Amino acid sequence: MSDDVELSIRDAGTGAEVLGTQTLRLPVEIGRFGADNVGRISAGDGQVVHFGDGFGTLSRQHLTVTGSPDGGLVVTDLSSNGVTQIGQAGSAPVPLGRGGTVRMAPGAMRAFETVGLQITLCSPKAAQVDTIGQPLHLVYDSSSTGRLKALDLDGVSIALVAGGPDEVLMRRRKGSAQAAMDGLTAEGANCLVTIGPDGAGGIVAICGQGDEVSHNRRMMDAGERAEMDHLATVEIRGQLLRIMSAEEGKGLSCTNTECRQLNPYLPGENCRYCGQRLGDGTSYWVHS
């Protein structure tokens, strides 16, 4: 069972931030207290977070978030004025009804609207991998949502090699990205891209074949090098490789099929590449 929930609150009308993203220990209760009707969130470890006053339309016990045995979340409406789950992918909003619940799978993100507030909840899910070596630079193969794969880049490079017109094979080679590219080229392999150490403490992507590899949605030329910073994405024939930094935290993946780029974790903002709204119940988050 997950121990935490990530929660943020915005004004439903203006989109203005009411409460920035908080990581809180379950169970969590949202409500109000006092003569000034202060918004209050109580966490399971005793932590209390206030988010302003004048929230007289909030019930004293308005909404609770608890853990479920599968590692997800259970959201329960305890309010007098109602909680509505914002619809996904164009579907209609769904009122919970007093005492009603919504179950969220591990890793899911959902947004709820109530008394002029939009509450975004994220059910944490750790990547089921063992990361060793260089924790600040991890490449994730996110072609299968929910099954993240961490690839160690501590003195090791990842190469994607064309195995046919549509086939892409992944190869791990010791040494820098350039050394991996040179070695595979000498072997006669059609190397599309290598990603790995640049020899100066960073991570670099080197394109082996033009019109096959894009870096943050921009097509690369043969021989071009691109620095792979936190949240950088390389796409090769539909496969996505992402760089994540353990220190910088998670990213929010755009689910526009023409985009799919990583963005800073800012639910409610727009994708910086295509403009689609993030955190609308269809986006998912990725972390190292």
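Biologist: What counts as a helix or a strand here?
Modeller: Both are DSSP runs, numbered from the N terminus: helices are H or I with at least four residues, strands are E with at least two. This is a predicted model, where local features need pLDDT of at least 70 and side-chain atom pairs need 80 or more, while totals for chains, interfaces and linings use all residues. Residues are numbered from 1 along each chain as its sequence is written, and side-chain values use heavy atoms, without hydrogens and water.

Biologist: OK, helix H1. Which residues are buried?
Modeller: Ala177, Ala180, Met181 and Leu184. Buried means under 20% relative accessible area, with a 1.4 Å probe and protein chains only. H1 itself covers residues 177-186.

Biologist: Where do those buried residues sit around the axis of H1?
Modeller: They fall within an arc of 100°, so they line one face of the helix. The arc is taken from the directions between the helix axis and the C-beta atoms.

Biologist: And what covers them?
Modeller: The cover includes strands S15 (156-162), S16 (168-174), S17 (191-197) and S18 (203-207).

Biologist: What follows H1?
Modeller: Gly188, with a positive phi near 90°.

Biologist: New topic. How many residues are in the largest nonpolar core?
Modeller: It has 27. A nonpolar core is a set of buried Ala, Val, Leu, Ile, Met, Phe, Trp, Tyr and Cys residues, joined through side-chain atoms within 4.5 Å. Leu7, Ile41, Phe51 and Leu121 have the most contacts inside this core. Among the elements giving two or more residues to it are S1 (4-11), S2 (17-25) and S12 (117-122). Apart from it lies another core, of 20 residues, including Ile158 and Ile195.

Biologist: What does Leu7 contact?
Modeller: Beyond its neighbours within four places in sequence, its contacts include Leu19, Val28, Ile30, Ile41, Ile119 and Leu121. Contact means heavy atoms within 4.5 Å.

Biologist: What about Gln85, buried or exposed?
Modeller: Gln85 is buried, with a relative accessible area of 11%. Its place is in strand S8 (residues 84-85). Leaving out residues up to four places away in sequence, Gln85 touches Pro93, Val94, Leu96, Val102, Arg110, Ala111 and Phe112.

Biologist: Last one. How many cavities of 30 Å³ or more are there?
Modeller: There is 1. A cavity is a set of points on a 1 Å grid over the protein atoms alone, where a 1.4 Å probe fits but cannot get out; lining residues have an atom within 4 Å of a point.

Biologist: What lines the largest cavity?
Modeller: Glu29, Gly31, Arg32, Arg40, Ser42 and Arg60. Strand S3 (28-33) gives the most, with 3 residues.

Conventions. Buried means under 20% relative accessible area, exposed over 50%, partly exposed in between (1.4 Å probe, protein chains only). On a 1 Å grid over the protein atoms alone, a cavity is a set of points where a 1.4 Å probe fits but cannot get out, and a pocket is an open set with protein on both sides within 12 Å along at least five of seven lines; lining residues have an atom within 4 Å of a point. Grid points are joined across faces, edges and corners, and a volume is the space filled by probe spheres set on the points.
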